[in-house]
Amino acid sequence: MEETYLLNVEGVKKKILHGGQGELPKLQDGSKITFHFQTLKDDFERTVIDDSREAGIPMEIIVGKMFKLEIWETLLSSMRAGEVAEFWCDAIHTGMYALVSRGMRRIAEGRDPLEGQKHRCGMGNMFDYHSTGYDDLDELQRTPQPLIFIMELFRVEEPSAYKRDTWAMSKEEKLAAVPMLHSEGNRLVLRKEFGQAAAKYQEAVICLRNLQAKEKPWEDGWLKLENLVTPLVLNYCQCQLELGEYYEVLEHTTELLQKHNDNAKAYFKRAKAHAAVWNEREAREDFLRVAHLDPSMAAAVKKELKQLGERMRKKHVEDRKRYQGLFQSPQGP
């Protein structure tokens, strides 16, 4: 079955390769569209540029979240579930494809799609760096041209029908999600499932950091969000201590203390991480700082300092034995 249609959009033609089922989907902000796609050049060989099946994972986009290739929402809105269609799109619709493809390829490679970019729009970054890092995409940037998209639509889900990623949530949804994630993290800690708990705390922090980015630093809105972030970061660090990820703890507690240099709990967790990686001087300094800031923690600090001293003495004895063995003269026969 191959029928050609002119969509009510300038510079777009559609050919149905395999019919779908049901009614046309009613897209709304927050709807999630899952599909496979193949991108080809409009040349004699129909050169393949990208194919989502090679990565083995279907593509997903959220309606209304400013996906850089806006024409895709239009194309998919004309398809039924199970339909396979080929779309020819003029260059007026494909100018941003190189940047979109760059991000998708980086994700497929396990890399950060924003790696190396400045905090500017996609077009601004294109002028800054002159190259996408892929020769075929650089060619598309230099010479915008018509492209062919072959799409297979799997499903369209309403906003309430799936668990939404934090980046796709509205401000109200993020604020509502934070206490639930916090509570779930606490429940997992009680079950000693520290890795899963850390992931819940981290997701809650990401929600709040996204909201903070829209506030002016150190003003009321920013500070209210920061007060919610701090205990989540501390809980995350406690999980990382339990998992033995000591350098992760050092990084996050140090970042926290740069903003809140009177947080005794942050110093305490950083001290324990320093002690675990044999940074004796730094650990002692942080433990003493804890006792100064919060006298109620003096007993805990005294216990930690005693354990640190015992561990360091044992390490020094083992080191001396090891070095003596290295420098002893070999025995004759």
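This is a predicted model: local features need pLDDT of at least 70, side-chain atom pairs count only at pLDDT 80 or more; totals for chains, interfaces and linings use all residues.

Student: Are helices α7 and α8 roughly parallel or roughly antiparallel to each other?

Tutor: Helix α7 covers residues 171-190 and helix α8 residues 194-212, and they pack at an angle of about 160° with their axes 8 Å apart. Angles over 145 degrees count as roughly antiparallel. The two helices α7 and α8 are therefore roughly antiparallel.

Student: How do the residues of the contact of α7 with α8 divide by type?

Tutor: Among the residues that meet are L175, V178 and L181 in α7 and F194, A197 and Y201 in α8. The residues of this contact of α7 with α8 divide into five charged, five polar and 12 nonpolar.

Student: Of what kind is the aromatic pair of F35 and W72?

Tutor: The structure holds eight aromatic pairs. In the pair of F35 and W72, the centres are 5.7 Å apart and the planes make an angle of 85°. Planes over 60 degrees apart count as edge-to-face, so the pair F35 and W72 is edge-to-face.

Student: How many residues apart in sequence are the parts tied together by F35 and W72?

Tutor: Both F35 and W72 are buried. F35 lies in strand β3 and W72 in helix α2, so the parts that the pair ties together are separated in sequence by 37 residues.

Student: Is Q240 buried or exposed?

Tutor: Q240 is found in helix α9, residues 220-243. Its relative accessible area is 8%, and under 20% counts as buried. Q240 is therefore buried.

Methods: Residues are numbered from 1 along each chain as its sequence is written. Side-chain values use heavy atoms; hydrogens and water are left out. Helices (H or I, at least four residues) and strands (E, at least two) are DSSP runs, numbered from the N terminus. Buried means under 20% relative accessible area, exposed over 50%, partly exposed in between (1.4 Å probe, protein chains only). Axes are lines fitted to C-alpha atoms, for helices over the stretch in contact, and angles run from 0 to 180 degrees between N-to-C directions. Angles under 35 degrees count as roughly parallel, over 145 as roughly antiparallel, 65 to 115 as roughly perpendicular and the rest as oblique. Contact means heavy atoms within 4.5 Å. Ala, Val, Leu, Ile, Met, Phe, Trp, Tyr, Cys and Pro count as nonpolar, Asp, Glu, Lys and Arg as charged, and the others, Gly among them, as polar. Rings of Phe, Tyr and Trp (its six-membered ring) pair if their centres lie within 6.5 Å; planes under 30 degrees apart count as stacked, over 60 as edge-to-face and the rest as tilted.
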